[in-house]
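This report looks at helix packing, aromatic pairs and salt bridges, taken in turn.

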Amino acid sequence: MDRNSDKNRALYYNALKEIRSVDSRITQLEFDNLFNIDCWYESCKDFTFPTVMLDLNETEGGSIIKAYKNSLTAKSNSDYMESLSSLEEKIQLALHSMDATHGGFVRLSARSPKDSGFADEKMKNLLNQKLENLRGESAFLSSVEIQNLEWEAFFESQIESLRIYSGKEAINPLIHSERVMEDLQRAF
């Protein structure tokens, strides 16, 4: 670990302590909310991807929670499907409004569903293909170089598996993410 990262980490934690000491009455939720995308996006929108923010109502949030819980038990339940279809259409319109021909990524204000890709068939297929391609190129590489390329393949596959091209594709990471479920349970 280099000195700059240690120094930056120390500065970060000191800044967090200072924010907390300004008002000791700030709750954990209020503190966490300082880092939500809707709090900081405007100040950096010129330096990042085009972003469309949609409101998620309580019915849609509840439907995502129900779908997540049902996915853990492999149950199918249609009482939330209408709400998810509505959300799917809302996301599809947002994608269309920003001409997302190269796809996009879905997230809540607080966190992304990046944990949903680990068990996803899309990620497994992408990773298997990348590792297969790597096998053909790795004849003259050291074991450390191969391991680094395998990690790179893993992270690229995770990112690519989370890229969505339609409202329908956007629902899958939302209903298979424990991170999303935790945030929605806290919000609703």
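Is Arg-111 buried, partly exposed or exposed? With a relative accessible area of 26%, Arg-111 is partly exposed, a value that belongs to a predicted model, as does everything reported below.

## The salt bridge of Arg-111 and Asp-183

Arg-111 forms a salt bridge with Asp-183, in which the closest N and O atoms are 3.1 Å apart. Because Asp-183 lies in helix H9 whereas Arg-111 belongs to the loop between H5 and helix H6 (121–137), the pair ties together parts that are 72 residues apart in sequence. Asp-183 has a relative accessible area of 10% and is therefore buried, the cut-off for that class being under 20%.

The N-terminal end of H9 is capped by Ser-177, which places a side-chain oxygen 3.3 Å from the backbone nitrogen of Arg-179.

## Other salt bridges

How many salt bridges does the structure hold? The structure holds seven salt bridges, and one of them joins the side chains of Lys-90 and Glu-60, with an N to O distance of 3.0 Å. Lys-90 lies in helix H5 (residues 81–97) and Glu-60 in helix H4, so this pair ties together parts that are 30 residues apart in sequence. As for accessibility, Lys-90 counts as partly exposed at 25% relative accessibility, whereas Glu-60 is buried, with a relative accessible area of 4%.

Lys-124 counts as partly exposed, at 38% relative accessibility. Elsewhere, salt bridges that share partners join Arg-111, Glu-182 and Asp-183 into one network, to which the Arg-111 and Asp-183 pair described above contributes its 3.1 Å contact.

A pair of aromatic rings is described by the distance of the centres and the angle of the planes. The count comes to three aromatic pairs. Among them, Trp-151 and Phe-154 form an edge-to-face pair, with 6.0 Å from centre to centre and 85° between the planes. Trp-151 and Phe-154 are three residues apart in helix H7 (residues 143–162), and are therefore separated by about one helical turn. Trp-151 counts as partly exposed at 46% relative accessibility, and Phe-154 is likewise partly exposed, with a relative accessible area of 22%.

Which arrangement do the rings of Phe-154 and Phe-155 adopt? Their centres are 5.3 Å apart and their planes stand at 75°, so the pair is edge-to-face, given that planes over 60 degrees apart fall into that class. Phe-155 is partly exposed, with a relative accessible area of 42%. Taken together, Trp-151, Phe-154 and Phe-155 form one aromatic cluster.

Key:
Residues numbered from 1 in each chain as written. Predicted model: local features only at pLDDT ≥ 70, side-chain atom pairs only at ≥ 80, totals over all residues. Heavy atoms only, no water. Polar contact = N/O pair within 3.5 Å; in protein donor to acceptor, adjacent residues only side chain to side chain. Helix = DSSP H or I, 4+ residues; strand = E, 2+ residues; numbered from the N terminus. Phe/Tyr/Trp six-rings, centres within 6.5 Å; stacked < 30°, edge-to-face > 60°. Buried < 20%, exposed > 50% of the residue type's maximum accessible area, 1.4 Å probe, protein only. Salt bridge = Lys/Arg side-chain N within 4 Å of Asp/Glu carboxyl O.
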